[in-house]
Each structure stands twice: as C-alpha cells, then as structure tokens.
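Student: I have a model open and would like to learn how to read it. Can we go through it feature by feature?

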Amino acid sequence: MAVIGIVASGVYLWVGGHLNPIFASAGEPACEEIEELSIVADTSIAPAIEELAADFDADPKRCVETAVRAQDSADTAAELASGTLSADAWVPDSTSWLSRTASTAASLGLGEPDATVGDSVATSPVVFAAPASEAQELAAEPVSWARVLNGTLPALLPDPEASAASLASLYALKGQSSPDDPRQFAGALIALGKSIPATADAAMSTVASASTPTVVLTSEASVAAHNADSSAAPLVAAYPEEGTIALDYPFVRIGDGDSANLDDFESALGSATEHFLEAGFRAPDGSGEVDSPGVAATAPPTQTELDSAAQIEILRSWGVLTLRSRMLAVIDVSGSMEEPAENGLRRIDIFQQAAVGAMSKFSGEVELGVWVFSTARNGDLDYEDLSPIAPLADASHTQQIQQIIGSLPARLGGATGLYDTTLAAYKRVQESYDPDKVNSVLVITDGKNEDQNGISLDQLLGELKKLEDPTKPVAVIMIGFGPDTDLDAMKKIAKATKGGAYSATKPEDLGTVLVDALSQRTCRPDCG
C-alpha cells in the first residue's frame, strides 16, 4: 500500500506539474510567463504551419504558445492596409500582397504599413490544372501560355483580386504576349473575364463539367490539396512549355517588436523544407520532390522575383476590362449596307459575321439591347427598338438578339439618320442608368448623317452637353464601318460623351475595335 501511495502521489505531482520546479532546477528554465505568438497564414499553407507550431511549442526549453490563424491573403492584406491587423507575423502566398497592401493604404490616406518581408519558407509554381479524365486529350497539343492567349486553350481564372496565383498567371501571360500588339493581351483578359470563379476551389470543382477541355490557372499546391480529398474528381497539373512562375510564401513580420521566440520560429519554418514538401510545397529555391497524385515529382525551373508594379498595373487593367457593361447597340440598316465591301461580301454580311464573334466575347453578366436605324423607320422616328437592354445570361434574350442579327438583311432600306438616333439612344440609356455597370451606347454605321429633317451635328453636341450628368455617365462609342463614314463627326460625338470613335474597314476589324472600346475606358476621350 505504501508503494502504491508513493507511485500515485508521483503521478499526481507529474500530471499536476508540481515536479516542474524540481526538473527546472536541473537545467530547464521554469516558465514564469508564456509568450504568445500570433501568426496569420494563407489558408493554403496554414495547416502545414500549424503542425510546425505545435512541435515548436512542445519544446520544453521554450516558454511560448504559438497561435496560427488561417485566412485568405486578400483579407489579411485589407486588415494590414487599414491598420487593424493584430499579429506578430504573416505568411501570405506571395510577396506581391505587400505592394498591393501599400497601394491600398495610400488610397485610404494612410501611411505605409509597418511590415518587414523576410525569406520565403516555401514556393509553389503556377500550373494548368485539368481533369485527369481529359489529360490525354489535352496532351495532344503542347500546353502553353500562347494557347491561352490565342483562345485555343479554354481556361478558368479565379478572381485575381483575391488570388495571387491568378495575378501571377496574368503576369506570365503578359510576358508571353506581343509587346507590339497590346490588343492581344487585352483580348485574352476579356476572354478570361467571361466567367470568373470566386476561388480556385470553385474553379477546380466545376472544370470537369465544362463543355470543352478546360484548364484552371492555379498553383501546384492547390492541385495537391484538391487531390488529397478522396471525394473530389482528380486533377493533373500541366506545366506550360514556355516556363512558369512561382508563389513565394514569405515570412512577414508585423510591427517592430523584438522577440527571440519569433526569430526562432522563423528559423524553424525556414529549415522545414521536408515538412513543406510532404504538404505539397517546394523549397524556397523551387527544388525538392513532391509525392502527390497528379503533380510532377520534380517541378521545372520557375521565376519567383516578379515586378510588383507591373502586377498592380495588370490588376488595374483587369478591373477595367472586366467591368460589367450595360450597352445599347444601335445598328445602321440604311440601304448603303447592301453595297459590297473589298472582299465581295455585302457590308451587312460582314457585320453579321463580326457581330457573332463579338457576341462571343461578352459574359452572361453583360446587359445588351438592340436598336436598328436608317430614316423614318417608325413613323417619323429614325430608329426602331428591337430588343430591350437585358442580361445575356438570359438564354431567351440572347437567342432574340441572334435572331435580330440574322434578320438584318431583310431590314435594309432608307438613308442614315445618325444624329437623331444617337441622341435618342443616349437619353434611353441615361434614363435607365445602372450605377453598378458601365453604361454606354454602341453605334455602328457605314455612313454619315443623311437625315435632312433631323437635328444637325451642332445641335446634337449641344443637347449632349445639356444632358451630361457626372452621376450618370453614358459613353457613346462610335464605330465607322466602311469607307464612307464621317470620322470627324464621330470623334466629336465621342469626345462630348467621353466615349470613343473607331474605324473598321475590314471584316476582322470589328472585333478588334470592340477590344479597343473596352480596354480604353480609362483613357477616353484622349486615347492614342
């Protein structure tokens, strides 16, 4: 009984911690105070860091308790920019967040956040994720940025406002585009903006149901994490043949606090390469083998140092090009549209071909209505309202517009009532203005104003000036189609509404000027 009592009391003392001072006196410091470290980590890498934090805190020589909070880097960046982030350190998925944070803070009238960027703890290359069931079909042609640029490889891009991998993808795409033809990159942004998944998880869960083989632009680590879920349809990571870039996961100190434990924790993360490899991440230099289904054991060389200013500029372009439009298309159906163009087709035939291609560039969130005009089409009115402004996501509305395009040859006749129609269209869009969209009038004509009973150019410009409302801006975009257009008058109308005037003389030009019309929103009316 005495022995049992001694053993029992020993267990009590051990569990209760009453023997700690005895052992502390043997060379281990007693924890008079526990230091609490707060680490915020991107959701992709937070589980791996949590495991390391548990091992770090378990060291009996330390008096520390490390709390790791998983949070999307976009949300953490917003907290840091506004000065509300409470943490000792942050591990985002890209250094680019720091530049974006500084830019956001400046826009809020705040000083640059107090943050110090340290070394990267891991990296993950940007890849093209595709359903494993379609891997063989996709491999029939080289997987490349060039194919994404020219539209032959359909791709889903999670929102780059919230995804560092998506922004890095756009940076890589920009690097492969022609420096002499800015429309190439702008056109690719418009195409990628047709459908914008909120997250990589959302994109990867839906890519298998795409009507044509499609890839998701994301990180290798995201593919590894996706495939770790046995209930998810497996994906494979394809590595673009031109090379790729990598997310760098830096250790960022918040504030200027001095902590030996924080120093040691940063060192522990920096030396945990094998641990991060097991979690699906590469070493800071991109090396190492990842043992994960669908992912190459050894990744190709990647670029990790990216131009932050260039990325911010790309993000601005993305924001401009993906603004959802509310547009009234006003189409010239005067008799001159019957005349042949250089290639032998009638002008109206060329427009029909281009219009079908242009329609394919718009997302379902774009709202579009259609008028046609010539002279005296509807009593004394030069214009005819054929379809209201409504979302293209409505299949019946899209079908109605396609039928209107197909019926245009049968509607030809009369002269060109350009000025009265432009004024009426401007009023219609302004009266039904939607502050959440870019409101505009798109006028497509092959001639100059021929309505002798209508208003003059000066009268039109005067009326537009009277109607101008800074709270309801409506840009008039004029596209002259053919050699007989009055480009000078079109430019004056466009300038009065901060719109744009473009000339399309060849069948393929209409799609080009539509890209210009969208990509030049921020420079009108003085675009080069």
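Predicted model: local features only at pLDDT ≥ 70, side-chain atom pairs only at ≥ 80, totals over all residues.

Student: Which residues lie nearest its centre?

Tutor: Look for Asp42, Thr43, Ser44, Ala200 and Ser222. The whole lining of this pocket counts 35 residues.

Student: How do the lining residues divide into nonpolar, polar and charged?

Tutor: There are 18 nonpolar, eleven polar and six charged residues in the lining.

Student: Which element gives the most to the lining?

Tutor: That is α11, with five residues. Helix α11 spans 220–227. At least two lining residues also come from each of α8 (164–176), α10 (200–206), β7 (215–219) and α13 (273–278).

Student: Which domains does the lining draw on?

Tutor: Domain 1 (35–123 + 250–279) and domain 2 (124–247 + 291–318) each provide at least three residues.

Student: Now the sheet. What is the strand order in the open sheet of six strands?

Tutor: Read across it: β14-β13-β12-β15-β16-β17, with mixed pairing. On average, neighbouring strands are turned by 20° against each other, direction ignored.

Student: In which sense do β16 and β17 pair?

Tutor: Parallel, over five bridges. Strand β16 covers residues 475–481.

Student: Which strands does helix α15 touch?

Tutor: Helix α15 (residues 347–359) packs on the sheet and touches β12 (325–332), β13 (367–378), β15 (438–445) and β16. The directions of α15 and β16 make an angle of about 135°.

Student: And where does helix α17 lie?

Tutor: Helix α17 (residues 418–431) lies across β12, β13, β14, β15 and β16. Against β15, α17 runs at about 160°.

Student: Last, backbone angles. What is phi of Ala376?

Tutor: Phi of Ala376 is near 45°, a positive value in a residue other than glycine. Ala376 sits in strand β13.

Student: Where is Lys498 found?

Tutor: In the loop between α19 (487–496) and β17. Lys498 is not a glycine, yet its phi is positive, about 55°.

Key
Residues numbered from 1 in each chain as written. Heavy atoms only, no water. 1 Å grid on protein atoms, 1.4 Å probe; cavity = no way out; pocket = protein on both sides within 12 Å on 5 of 7 lines; lining within 4 Å. Helix = DSSP H or I, 4+ residues; strand = E, 2+ residues; numbered from the N terminus. Nonpolar A, V, L, I, M, F, W, Y, C, P; charged D, E, K, R; others polar. Domains from an automatic or database assignment. Pairing = 2+ DSSP bridges. Axes fitted to C-alpha atoms, helices over the stretch in contact; angles between N-to-C directions. Contact = heavy atoms within 4.5 Å.
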